[in-house]
Amino acid sequence: MWVFFSILVWQQPLPFSHKTHAGAGLRCADCHTLAAPGRQAGLPPASRCMACHRTIKAESPHIALLAGYERNKKPVPWRRLYRLADYVFFSHRRHHVGGGIACETCHGPVASRDVLARETDLSMKACMDCHDQTSASNECHVCHDRY
Amino acid sequence: MTSHRFPPAACLLLAAVCHAEWPWYAGDPGATRFSPLKQIHTANVTRLRPSWTFHTGDHRERPRTTIQCTPIVIGEVMYLTSPQLKVIAVEAATGREIWRFDPFSGDQEDRAKGVNRGVTFWEQGNDRRILFVADGKLHALEARTGRPIPAFGSGGVVDLRQDLDRDIGRLTYNVTTPGVVYRDLIVLGSTMGEGPRPSAPGHVRAFDVLTGKRRWIFHTIPHPGEFGHQTWEGDSWKTAGAANDWGGMSVDEKRGLVFLALGSPAFDFHGGQRLGDNLYGNSVVALNAATGERVWHFQTVRHDLWDYDLPTMPVLVTLQRGGRPLDAVVQVTKTGHVFVFERETGKPLFPIEQRAARNSDVAGERTAATQPVPAQPAPFAPQGFTEASVTDISPESRAHVLERLKKLRHGAIYEPPSLQGTVILPGFHGGALWGGAAFDPARGRLFIPTNNVPWVMTLVPARTGAGFPMDFTGYHRFEDQFGYPAVRPPWGMLTAIDLNSGERAFQVPIGEYSELRNRGLPPTGTELIGGAIATAGGLVFLGASKDGKFRAIESATGRILWETQLPAGGYATPASYQVRGKQYVVIAAGGGGKSNTPSGDSFVAFSLP
């Protein structure tokens with residue numbers, strides 16, 4: 001088990017723990033901002049992390065690595081766990097802000113995980129099942145440009 | 001008062017002057033997609049080069065946008081629609097922007113906006129209007145400025161979800177192909193959902209171009225007492241959707257007729273909740289353009305279960321019969337057929353047979369016993385999928401497809417969808433698609449961009465409480481393990497048919513995969529998304545191929561005389577016009593779309609140096 005999770009940890013460029021950060025009181029939107037138009041919940045720039053880590057655990061080699069990304073103005077090369085097909089329209093703003101759907105609904109219990117894995121099904125069927133359950137439209141045009 | 005700027009007869013006589021414009025989406029009211037211009041011809045087309053390129057500036061890569069617009073040209077101004085459905089006026093000689101109008105107010109970047117194939121022009125004296133639809137709303141703009149016309153509808157807008165003779169609530173409703181004008185009317189079709197869930201009816205309506213008021217409606221799903229109502233069993237007419245005209249219409253201004261090409265009724269793949277022949281689904285319909293009353297109709301697919309919409313408007317042509325001219329209507333179909341009718345009566349000009357069709361074994365379904373098939377012209381696309389159809393581009397591909405085929409139903413066209421999975425060929429993109437056909441009147445020849453790509457349709461029982469009995473697993477192309485179509489190539493072609501004799505003149509592959517060519521395979525063609533135009537210069541212009549090339553093809557032989565690489569896939573139908581003595585051929589290069597290649601935002605106009 002340790003080996004399994006270690007592999008996942010090192011598949012990411014830094015051993016970031018959502019559990020630790022959520023436990024410290026951070027909320028999802030503190031780091032994953034919805035920049036206009038709000039289709040995507042963004043990944044935080046290294047400068048955002050360093051706003052705290054300039055003082056917190058500043059001696060950690062991983063924080064030194066993070067500081068390097070900030071210094072060189074490079075994004076942290078996080079490995080994406082969830083990626084919808086490029087012909088799907090999905091708006092975090094419409095679902096989360098407009099629809100009140102919690103992050104955990106689509107991303108699983110992130111706040112209790114040290115290491116993230118893909119835990120939920122984001123297939124078209126899963127989306128349509130959720131739309132059915134919430135009486136949202138399941139017409140093609142809602143998520144796809146009709147060509 | 002007319003939006004057709006010169007009478008057709010005068011056009012033939014004054015070809016060098018008139019039709020310098022491209023005033024309709026499909027070139028003219030009869031939708032011939034023909035230009036009488038001949039400055040660019042077979043002997044000089046190799047010298048064609050880009051004259052100007054206009055960038056709309058609003059394409060997007062995730063999800064990819066596309067451009068399906070054919071611009072219209074009025075005087076020296078071109079009107080086009082952009083990837084995110086802005087209407088833009090540019091100088092036709094230079095591509096310089098004059099004005100733009102965005103129908104989406106506020107922050108709406110995070111939603112699907114659909115596609116749009118262009119705009120409609122209307123004029124009366126100095127009153128010149130651009131009419132177009134986005135997001136289910138009909139807009140009327142001043143052609144000179146792009147400003148909404150306040151007296152039209154409500155502040156220049158008519159909400160098309162209203163006044164449909166059925167409450168459609170929040171169901172999707174839009175128009176993708178420009179409407180047609182007849183006198184002071186604009187006639188509109190529609191597009192809507194076609195899945196198992198509720199969808200709007202595809203009734204066709206005419207609106208007053210001055211006020212935006214509805215002037216007539218034609219129920220494509222007939223109401224009680226109307227002709228065809230009995231073809232919907234029980235109360236299915238109340239809930240069934242679609243049977244819509246999404247591919248455009250044509251107009252015979254002299255006879256006062258508008259011709260519709262209607263799509264399949266919804267749900268596309270299971271008709272258990274709409275038993276019967278389902279008129280006017282899949283029908284060519286001639287209406288009195290002033291009143292909306294039916295004059296004649298012909299149903300090309302009865303009780304459709306294959307999404308075999310009529311995907312493009314009927315083409316109005318004049319043929320030679322017994323040495324005399326005869327006005328006719330030509331309909332090309334996804335099924336790969338060409339139906340030809342006498343224009344006033346709808347009488348078929350080639351025999352049409354009723355062929356027996358297989359019944360379905362899906363619960364609640366009842367297929368039509370027969371389907372109509374023209375005896376002539378011969379089908380321009382394969383009529384079904386058998387082992388003999390399986391790809392031969394490599395032994396590995398062939399073996400892979402043959403193995404998959406063992407688990408699928410297959411056979412002749414009209415093999416019903418099944419729970420096992422059924423191979424559909426011609427596929428959901430034809431045969432013919434919305435690019436339709438172009439007609440060269442001098443040669444009597446019809447040119448049809450033709451697809452040969454199979455799909456697999458699999459039905460599944462709907463979940464309990466869904467409100468409908470059958471669902472489906474989605475739209476899946478039938479491909480080999482490398483992503484090439486599972487059928488023997490060519491996969492995309494240009495077909496030419498002599499409409500006077502009914503004989504095929506040629507069929508040539510269009511488009512290629514460079515990696516297959518490098519392996520020594522003969523041209524395979526690619527699926528074609530877009531249309532062709534014909535010109536008096538003896539040329540057919542066609543983009544549409546997945547390789548992003550734009551080609552000029554000799555009308556007489558099918559030889560490719562010229563080709564060029566576009567900035568992105570040219571998934572649109574070109575137009576040709578003349579300004580200040582120079583002929584141009586323009587095409588949108590928007591990429592994306594069903595071919596899913598990188599998106600673009602260009603309109604490229606070509607001319608001779």
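In chain B, residue B:E512 makes a salt bridge with B:R517, and the closest nitrogen and oxygen atoms of the two are 2.7 Å apart. B:R517 itself has a relative accessibility of 41%, so it counts as partly exposed.

B:E512 also forms a salt bridge with B:K549, with 3.9 Å between the closest N and O atoms. What does this second pair tie together? B:K549 sits in strand 39, residues 549-554, while B:E512 lies in the loop between strand 36 (503-509) and helix 4 (514-518) of chain B, and the pair therefore ties together parts that are 37 residues apart in sequence. With a relative accessible area of 17%, B:K549 is buried, because the limit for that word is under 20%. Through shared partners, the salt bridges join B:E512, B:R517, B:D547, B:K549, B:R551 and B:E563 into one network.

Over all chains the structure holds 42 salt bridges, and I would like to show one more of them, between the side chains of B:R343 and B:D327, at 3.9 Å from N to O. Here B:R343 belongs to the loop between strand 23 (338-342) and strand 24 (352-356), whereas B:D327 belongs to strand 22 (residues 324-332) of chain B, and the two are 16 residues apart. Both B:R343 and B:D327 are buried.

Now to the nonpolar cores. Which residues have the most contacts inside the largest one? That core has 41 residues, and the ones with the most contacts within it are B:L138, B:L160, B:W216, B:V258 and B:L260. Among the elements that give it two or more residues are strand 8 (127-134), strand 9 (137-142) and strand 19 (283-288) of chain B, while strand 12 of chain B provides the largest share, four residues. If we set aside neighbours within four places in sequence, the contacts of B:L138 include B:L131, B:F152, B:L160, B:I186 and B:F207. There is also a second, separate core of 39 residues, which includes B:I88, B:A552, B:W562 and B:I587.

A few backbone details deserve a look. The peptide bond from B:R62 to B:P63 is cis, with omega near -20 degrees, and B:P63 is in the loop between strand 2 (49-55) and strand 3 (72-74) of chain B. Another cis peptide bond joins B:A266 and B:F267, with omega about -5 degrees. B:A31, a residue other than glycine, has a positive phi near 60 degrees, and B:A31 is buried at a relative accessible area of 1%.

Finally, confidence in chain A: its average pLDDT is 84, and 90% of its residues score at least 70. Residues 1-10 of chain A, however, have a pLDDT below 50, and beyond near neighbours in sequence this stretch has seven contacts in the model. Where pLDDT is low, the predicted coordinates should not be read in detail.

Technical notes
Residues are numbered from 1 along each chain as its sequence is written. Chains are lettered from A and ligands numbered from 1 in the order in which they are written. This is a predicted model: local features need pLDDT of at least 70, side-chain atom pairs count only at pLDDT 80 or more; totals for chains, interfaces and linings use all residues. Side-chain values use heavy atoms; hydrogens and water are left out. A salt bridge is a side-chain nitrogen of Lys or Arg within 4 Å of a carboxyl oxygen of Asp or Glu. Buried means under 20% relative accessible area, exposed over 50%, partly exposed in between (1.4 Å probe, protein chains only). A nonpolar core is a set of buried Ala, Val, Leu, Ile, Met, Phe, Trp, Tyr and Cys residues joined through side-chain atoms within 4.5 Å. Contact means heavy atoms within 4.5 Å. pLDDT is the predictor's confidence in each residue, from 0 to 100.
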